[in-house]
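Visitor: Hi! Please walk me through this one, starting with something I can find on screen.

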Amino acid sequence: MRYLFLSLFLVFAFFFSTFGMTASSKDKKHILVIHSYHQSFVWTDSISSGIESVLTPLENEIEAFYEYLDSKRFVDPIFIESFEQKYKLLCSKVTCDAIIVSDNNALNFVIKNRSRFFKDIPIIFCGINNYKPELLKGESQVTGISEYVAIDSTLMLMHKLHPERKILVINDRTVTGLANKAIIMNALPKLEKNMYIEYSDNSNMKAIQDKVKSLSNEWMIYLAPFTMDADGDYYSFNDVIGKVSKASSVPIYGSYDFYLGKGIVGGYITSGYMQGKLAGKLALSIVKGANANIIPVFEKSAVIIKFDQSILSKYDIDENYLPEGSILINREKTFFEKNIILFKNTLRIGLVVILLLIVYSVQKYRQKKLLEERNLELDQKVEERSRELLEVNDTLNRKNVEITKQEELTKLAYLRLKAILNNSLVGIVVTDGEGKIIDQNNRISEILGCDKGELLGGNIMSTFLSKNNYDILMNEYQKLQGSKALIRNEIPLKRVDESVLWTKIYISEMLYSHIENANIWVIDDVSEIVENRASLEKKTVELKESNETKDQFFSIIAHDLKGPLSSVLGLLEIITKNPEIFSDEERTLFMGNCYESAQDMNDLLDNLLRWGRIQIGGVSWNPEILELNKIADSVLQTLINVAKAKEIQVNNIIPVNLKAFGDENMIKTVVLNLINNAIKFTHKGGLVEISAEVKNSKVEVLVHDNGIGINENDIQYLFNIDKKIQQEGTNKETGTGLGLIIVKDLVEKNKGTIRVESQLNIGTSVYFDLPLKA
């Protein structure tokens with residue numbers, strides 16, 4: 001379903017972006033670039049960089065579209081169909097003059113759909129493994145660059161530089177890995193007879209690191225492109241070279257540029273950038289009129305001899321023995337190059353000092369001229385000010401008469417103010433400089449639930465405002481300095497009946513009769529707003545928790561189902577496309593691995609659905625009085641064959657009459673998971689016991705085993721959905737890693753808690769408690 005939503009999103013996103021093209025873009029040549037893999041994949045990005053180096057300078061003439069099939073991570077048919085829909089829409093809106101495809105999956109996709117979407121459009125390919133002319137049989141207007149990997153040349157170079165060392169080849173079993181294996185196998189007869197080569201392509205990353213760590217100085221390593229280990233875990237190229245180079249004490253060589261500069265010595269390097277650059281040049285010549293049918297396919301190109309000088313120095317490899325024309329990176333810098341920043345900064349500082357001296361001289365001259373001009377202006381202003389003072393004196397005499405009239409008007413204004421206060425829809429009180437209430441309106445009496453005029457004479461802190469809130473308001477009020485006004489949201493006030501309401505308070509200085517420093521307090525009841533916001537915040541938190549649970553659920557599905565599914569598809573793809581290189585025994589082994597991966601996915605899906613139903617409330621809770629001894633007996637009957645197979649003794653020593661309160665089905669699931677785990681991690685002939693006793697008004701149930709135990713640092717992550725701890729059982733049993741997480745949720749739904757105590761090679765004890773009664 002998520003692939004379907006993603007597909008629809010891609011289609012609509014492209015639809016709107018197409019209609020948003022300017023008229024000028026329609027006059028350009030259009031080149032469509034389709035990558036087999038995803039953006040940020042090192043190989044893919046290097047090819048894009050090579051293409052851009054050719055096309056970007058011509059962006060006024062040529063417009064390029066970059067698309068990604070993402071086939072290394074997604075192979076779902078719905079996902080592929082979404083791309084077919086997308087390109088159907090693309091070709092109906094935009095006329096492409098050429099198509100560049102990188103790697104085999106993109107070429108296969110375009111050729112498969114050529115008659116539907118890409119008819120008569122020239123195709124330029126690069127990065128194609130195992131290229132043969134038959135691949136393009138019946139196709140016209142197709143040319144490009146075959147991915148040439150000089151693995152045999154690099155192996156011969158390694159033998160030349162280290163004639164006494166053996167070679168360990170590390171490869172994977174992806175499509176690219178199998179192509180490289182074929183190159184190596186075909187090259188073996190041509191190599192020196194005294195070369196010793198050990199080939200490894202069927203190990204997980206941990207085994208590879210252990211193998212590399214164990215290598216003596218008699219060895220060296222050839223590292224092929226590696227993206228998936230034998231466990232089906234995906235690794236980026238940076239991850240692989242980082243892990244292998246960290247574990248290695250011997251030289252590492254390779255044939256791809258994404259390893260160079262990150263830990264390998266070097267070799268005959270295949271460059272994604274150069275392949276992209278060549279493909280870009282071919283596309284440019286074709287859109288300018290060249291005929292693709294007469295351009296031959298470049299079968300051996302984009303390979304350079306390149307080495308990392310820092311790694312050469314690390315292993316004392318003499319540069320004189322390198323092939324002629326070799327390129328060195330990470331070359332040791334000269335004294336000038338090492339100190340170029342110091343030289344630049346010294347020059348900059350010198351220029352800044354000279355500039356500051358010039359600015360200082362100019363400023364001093366300007367200040368002198370400005371001072372002379374201001375002295376002249378001041379003399380003129382003194383004369384003008386004297387005349388103004390005489391005029392002001394006459395004006396003051398006239399205003400004294402007017403003040404008497406204004407005092408009479410002020411008395412009238414006060415009476416009007418009282419009328420306004422008493423009819424206001426907000427509460428108003430007036431205080432003097434000490435906080436004493438000297439006036440109030442009728443509305444404040446309604447807000448506080450007191451009689452009219454009852455507040456007069458009281459202090460504002462003793463009536464409805466706490467001293468703490470009063471101090472906060474007055475401190476902030478004093479900080480306002482010139483404005484003398486403050487709005488403070490949501491201050492709690494005490495009503496006469498001791499209840500609390502939330503208000504918004506506005507304070508302002510005012511002239512009130514003959515009293516100095518009087519303040520007017522405007523008080524509005526906002527309790528309903530506060531309550532509504534609190535309710536909204538609570539609902540927001542609940543919604544966030546729900547979304548986090550959903551995100552965790554989908555994250556687990558995306559991560560934990562991906563590994564087994566990729567493993568199954570990878571193995572089936574290898575067997576299907578290359579059946580002739582495997583024996584019947586290997587095919588049987590591969591099909592067994594597919595079956596085990598499918599079983600793992602089925603178990604994981606069951607646990608995911610059970611955990612998901614718990615999280616969204618889809619599991620009903622039906623508590624009742626439980627007889628724990630009978631529940632344990634029922635579970636043991638289910639697991640009796642599992643225990644017998646490992647000759648493990650399982651004892652139920654719960655007292656017969658001990659009862660607890662909870663949901664029977666949930667508690668059975670809890671006990672089943674805990675006893676099953678105990679059997680799984682206990683050696684043949686071991687002991688598992690389940691017991692219970694009353695502690696602190698609760699029933700505490702204990703499942704104990706004398707098995708392999710749990711690392712102390714891992715105990716804290718046992719119930720963490722974000723970091724699952726998965727470990728094979730004593731008989732190589734596997735699990736989903738969700739069992740204990742489901743157990744914890746079920747115990748907590750029954751009002752209980754769960755904890756684990758364990759020691760390595762001694763045993764594990766899991767405790768959970770339940771209520772004695774409802």
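Guide: Start with Glu 664, which forms a salt bridge with Lys 668, their closest N and O atoms being 3.6 Å apart. A salt bridge here is a side-chain nitrogen of Lys or Arg within 4 Å of a carboxyl oxygen of Asp or Glu. Keep in mind that this is a predicted model: local features need pLDDT of at least 70, side-chain atom pairs count only at pLDDT 80 or more, and totals for chains, interfaces and linings use all residues. Residues are numbered from 1 along each chain as its sequence is written, and side-chain values use heavy atoms, with hydrogens and water left out.

Visitor: Got it. Where do Glu 664 and Lys 668 lie?

Guide: Both are in helix α21, four residues apart, which is about one turn of the helix. Helices (H or I, at least four residues) and strands (E, at least two) are DSSP runs, numbered from the N terminus.

Visitor: How many salt bridges turn up in the whole structure?

Guide: A search finds 15 of them. One joins the side chains of Lys 684 and Glu 647, at 3.6 Å from N to O. Lys 684 sits in the loop between α21 (664-680) and β21 (687-695), and Glu 647 in the loop between α20 (628-645) and β19 (649-652), so this pair ties together parts that are 37 residues apart in sequence. Lys 684 counts as exposed, at 60% relative accessibility.

Visitor: And which residue does Lys 698 pair with?

Guide: Asp 769; the two side chains meet in a salt bridge of 3.9 Å, N to O. This pair links distant parts of the chain, with Lys 698 in strand β22 (residues 698-705) and Asp 769 in strand β24 (residues 763-771), 71 residues apart. Lys 698 is partly exposed at 30%, whereas Asp 769 is buried at 14%.

Visitor: Which residues are linked in a network of salt bridges?

Guide: Glu 693, Lys 695, Glu 700, Arg 755 and Glu 757.

Visitor: Switching topic. What is Leu 760 in contact with?

Guide: Leaving aside neighbours within four places in sequence, Leu 760 contacts Ile 708, Gly 709, Ile 710 and Asn 711 (contact means heavy atoms within 4.5 Å). Leu 760 and Gly 707 are 53 residues apart in sequence, yet their C-alpha atoms are 8.4 Å apart in space. Leu 760 lies in the loop between β23 (754-759) and β24, and is partly exposed, with a relative accessible area of 47%.

Visitor: Now the surface. Which residues gather in a patch of negative charge?

Guide: Asp 524, Asp 525, Glu 528 and Glu 531. β17 (515-525) and α17 (527-560) each supply at least two residues of this patch. Asp 525 is in strand β17 and counts as partly exposed, at 35% relative accessibility. Patches are made of residues with over 30% relative accessible area and no salt bridge: like charges are joined within 9 Å, nonpolar side chains (Val, Leu, Ile, Met, Phe, Trp, Tyr) within 5 Å. Lys and Arg count as positive and Asp and Glu as negative, while His and the chain ends are not counted. The place of a charge is taken as NZ of Lys, CZ of Arg, CG of Asp or CD of Glu.

Visitor: Which residues form a nonpolar patch?

Guide: Ile 349, Val 353 and Leu 357 do, with about 290 Å² of accessible area together. Accessible areas come from the Shrake-Rupley method with a 1.4 Å probe; for residues, only the protein chains shown count as cover. Leu 357 is in helix α13 (residues 340-422) and is exposed, at 54%.

Visitor: What about the backbone: what is phi of Asp 103 near?

Guide: It is near 75 degrees, a positive value in a residue other than glycine. Asp 103 lies in the loop between β3 (98-102) and α5 (104-112), and counts as buried at 3% relative accessibility. Gln 141 also has a positive phi, of about 55 degrees, and its place is in the loop between β4 (123-128) and β5 (142-146).

Visitor: Last one: how many helices and strands are there in the protein chain?

Guide: There are 23 helices and 24 strands. Buried residues make up 40% of the chain's 774 residues.

Note on methods. Buried < 20%, exposed > 50% of the residue type's maximum accessible area, 1.4 Å probe, protein only.
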